[in-house]
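Hi there,

Here is the model I promised to pass on to you. Please open it alongside this email, and my notes will follow.

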Amino acid sequence: MARYTIAYCIILNVPVINAYSFRPCASVSLSVVMADVSLHQLFAKVREVDDFAAVLRTVMEDVASKVDFSHVKSCVAMGAHHGEREIDFARRLLPNLRSFVAVERDPEAVEVLRANLQKGVLPGVETSAVEASVQSWSGPDEPVDAVLMLNLMNSITAADRKALFQKLMTQYVSDGGMVVIANSVNSVPSGYVLLSERLGNLLADYDELEQEMAAVGFRVLYRQDYELHRDVSNPSSDIVTYIRGFTGHSESEARAAIDDIGLLSQPNMNIFANRLGIFTK
Ligand SMILES: C[S@@+](CC[C@H](N)C(=O)[O-])C[C@H]1O[C@@H](n2cnc3c(N)ncnc32)[C@H](O)[C@@H]1O
């Protein structure tokens, strides 16, 4: 189970290892590490205050009228966590799906994911959940018609993304197959992006991902902007705790960062710009 360190500790000028992604975050001179809590628990709390489920439903209605997914019979969902958004996507947009594989590295999330898939939420579809990182996963038995990567990229380094996108192009995705990426657009100012960056949790940017996908030969079939709402003005809120979970900062450091950035005096800081991109080979 992925857990953050329980102890309150002082770290002097050493890189903090990001418990979520196991890669170093910004170097900090003093880090007070938060109470023991699993990634699954943190993420579940964020989703309680986040409107992604409702917003995605609206986005999918637009996508349904513009993109034809009728050829999609097989799908891999990477970084699916409990799988609920990917299941929503498959139920609404993939009417001819026969095989659905979810790849998720967090063991606690995989347990919930398996339980969700066993509820028969995708009738007539063979489903499975693999506990693995996308970097170490050996890939599908045969190329698949669709790969979903919703909100996955923040924890994958640029080098690992390059390798993954290359594998998508050469091994994982069938000819005419599609890749769906949902990610933040960091050039639009938002409290979530500013605070994450200020605390050293660098977020992947959708525009960068699109360039990386193009570099291995994918082309954009469709893109759609959407706005999520994430209020980071309260340093003791679940959403700020979630950001602190990536960086090891204390609540008082988060409060100081919020003041430094002047978040409370800027308008519309709770709007978090995101984009969905659908790519094909
Ligand atoms: C922000 S959550 C998004 C979950 C879901 N896709 C959604 O949008 O609701 C990212 C998920 O990706 C998983 N993850 C992060 N890095 C991963 C990796 N390298 N391989 C597999 N899963 C990963 C995390 O454990 C987490 O469950």
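Below is what I found, starting with how to read the model.

This is a predicted model, in which local features need pLDDT of at least 70, side-chain atom pairs count only at pLDDT 80 or more, and totals for chains, interfaces and linings use all residues. Residues are numbered from 1 along each chain as its sequence is written.

**Overview**

The protein has 9 helices and 9 strands, taken as DSSP runs numbered from the N terminus (helices are H or I with at least four residues, strands are E with at least two). Among contacts between residues at least 6 apart in sequence, 80% join residues at least 24 apart; a contact here has C-beta atoms, placed from the backbone, within 7 Å.

**The sheet**

An open sheet is formed by 7 strands in the order S5-S4-S3-S6-S7-S9-S8, with mixed pairing (two strands pair if DSSP finds at least two bridges between them). S5 (126-131) and S8 (219-229) stand at the edges with a single partner strand each, so one side of each has no neighbour in the sheet. On average, neighbouring strands are turned by 15° against each other, direction ignored. S6 (residues 144-150) and S7 (residues 173-184) pair in the parallel sense over 6 bridges, and valine 144 has valine 173 of S7 as its bridge partner.

Valine 173 counts as buried because it has 23 C-beta neighbours inside 10 Å. Not counting residues up to four places away in sequence, valine 173 touches Pro143, Val144, Val147, Leu168, Val179 and Lys281. Its C-alpha atom is separated by 9.3 Å from that of cysteine 75, 98 residues apart along the chain.

**The cores**

The largest nonpolar core has 52 residues, and Cys75, Met78, Val147, Leu148, Met149 and Val179 have the most contacts inside it. Such a core is a set of buried Ala, Val, Leu, Ile, Met, Phe, Trp, Tyr and Cys residues joined through C-beta atoms within 7 Å. Leaving aside neighbours within four places in sequence, the contacts of cysteine 75 include Ala90, Leu94, Phe100 and Val144. A second, separate core of 18 residues includes Leu195, Val232, Val240 and Tyr242.

**The helices**

In H3 (residues 84-93), the buried residues are Arg85, Glu86, Ile87, Phe89, Ala90 and Leu93. They pack against H2 (52-66), S3 (74-78), S4 (99-104), H4 (107-117) and S6.

H1 (residues 39-49) and H8 (residues 238-247) pack at an angle of about 145°, with axes 9 Å apart. The axes are lines fitted to C-alpha atoms, for helices over the stretch in contact, and angles run from 0 to 180 degrees between N-to-C directions. Leu42, Lys45, Val46 and Val49 of H1 make the contact with Asp238, Ile239, Thr241, Tyr242 and Gly245 of H8.

H8 is mostly covered, with 8 of its 10 residues buried; among them are Ile239, Val240, Tyr242 and Arg244. Just after H8, glycine 248 takes a positive phi of about 80°.

Technical notes. Two residues are in contact if their C-beta atoms, placed from the backbone, lie within 7 Å. A residue is buried if 20 or more other C-beta atoms lie within 10 Å of its own, exposed if 12 or fewer, and partly exposed in between; C-beta atoms are placed from the backbone.
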